[in-house]
Amino acid sequence: AASRRYYNDQIAWAVRHADHILVDSYATRDDLGNLLSVPEDKVTVHMLGVNQGFRPLPPEDIRPVRARLGLPESYILFVGTFEPRKNIPGLLRAYRLLRQDLPDAPPLVLAGRRGWLYDDIFQQVSALELTRHVIWIENAAQDDLPAIYSGADVLALPSHYEGFGLTALEAMACGVPAVVANRSSLPEVVGDAGLLVDPDDPAAIADGLRRALVDDVLRAELI
């Protein structure tokens with residue numbers, strides 16, 4: 001209820017009374033116009049940068065973080081809040097399809113913190129018989145994230161909506177191919193350096209992950 005009051009009332013009030021609005025993506029600018037009737041000349045777009053700590057790390061820097069967190073040598077990575085907007089159930093269904101096609105597909109690592117309505121996510125892992133293949137990292141330390149990214153084979157971010165999608169940018173800065181939704185701000189964040197997939201189609205997500213894992217030429221181009 002508190003969130004509904006905030007999103008339905010306070011944001012609308014704020015954009016009406018603001019002298020000017022700074023946003024971090026053109027998708028968000030367009031949402032302000034389409035959903036809240038904010039004129040375009042009242043909005044300035046300035047996209048986010050990435051902290052210099054996010055860069056491809058050498059194996060000797062990745063190894064201690066991997067050992068401490070119990071990470072395997074190879075894995076698919078999701079980073080973000082565990083909540084419906086992130087489409088983790090869709091990612092899990094896609095991952096199950098991927099394993100049917102590639103039985104030796106690396107584990108799926110879900111790194112983040114619990115948001116709202118997260119219980120279904122844990123239940124779905126069990127229902128899809130993926131418990132042995134999914135690794136949870138909750139509340140990872142910020143200093144560990146560059147190593148977590150750098151140790152991954154691919155980042156998966158099939159979100160239904162992202163105001164910006166900073167984790168995709170962080171992953172790419174660490175030299176990790178990104179498979180992201182073709183929605184909201186993500187296409188402008190990854191440009192032609194990421195694979196775009198339909199977040200409502202688990203088969204499309206699975207195919208994007210498979211290509212990023214097995215197509216060495218494509219991987220090199222994306223990196």
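A helix here is a DSSP run of H or I at least four residues long, with helices numbered from the N terminus. I needed that before looking up anything else. I also noted that this is a predicted model.

**Entry: the whole protein**

I started with the secondary structure and found 10 helices and 8 strands in the protein. Next came the radius of gyration: it is 18 Å, close to the 17 Å from the globule rule for 223 residues, so the protein is as compact as a globular protein of that length. I then looked up the span of the C-alpha trace along its principal axes, and got about 55 × 35 × 30 Å.

How many of the 223 residues count as buried? I got 47%. For the accessible surface I wrote down about 11600 Å², with 50% of that belonging to carbon and sulfur atoms.

I checked contacts too, keeping to those with a separation of 6 or more: 64% of them are between residues 24 or more positions apart.

**Entry: charges**

I looked up 21 positive and 31 negative side chains in the protein. The centres of the two sets lie 5 Å apart.

Where is Thr-167 found? I located Thr-167 in helix α7, which covers residues 166–173.

Is Thr-167 buried or exposed? Its relative accessible area is 15%, and the cut-off for buried is under 20%, so I put Thr-167 down as buried.

Last, I listed what Thr-167 touches, leaving aside its neighbours within four places in sequence. Thr-167 is in contact with Val-79, Tyr-149, Leu-155 and Leu-157.

Key:
Residues numbered from 1 in each chain as written. Predicted model: local features only at pLDDT ≥ 70, side-chain atom pairs only at ≥ 80, totals over all residues. Heavy atoms only, no water. Helix = DSSP H or I, 4+ residues; strand = E, 2+ residues; numbered from the N terminus. Rg over C-alpha atoms; globule rule 2.2 N^0.38 Å. Buried < 20%, exposed > 50% of the residue type's maximum accessible area, 1.4 Å probe, protein only. Contact = heavy atoms within 4.5 Å. Areas by Shrake-Rupley, 256 points an atom, 1.4 Å probe, with all protein chains shown as cover. Lys, Arg positive; Asp, Glu negative; His and termini not counted. Charge placed at Lys NZ, Arg CZ, Asp CG, Glu CD.
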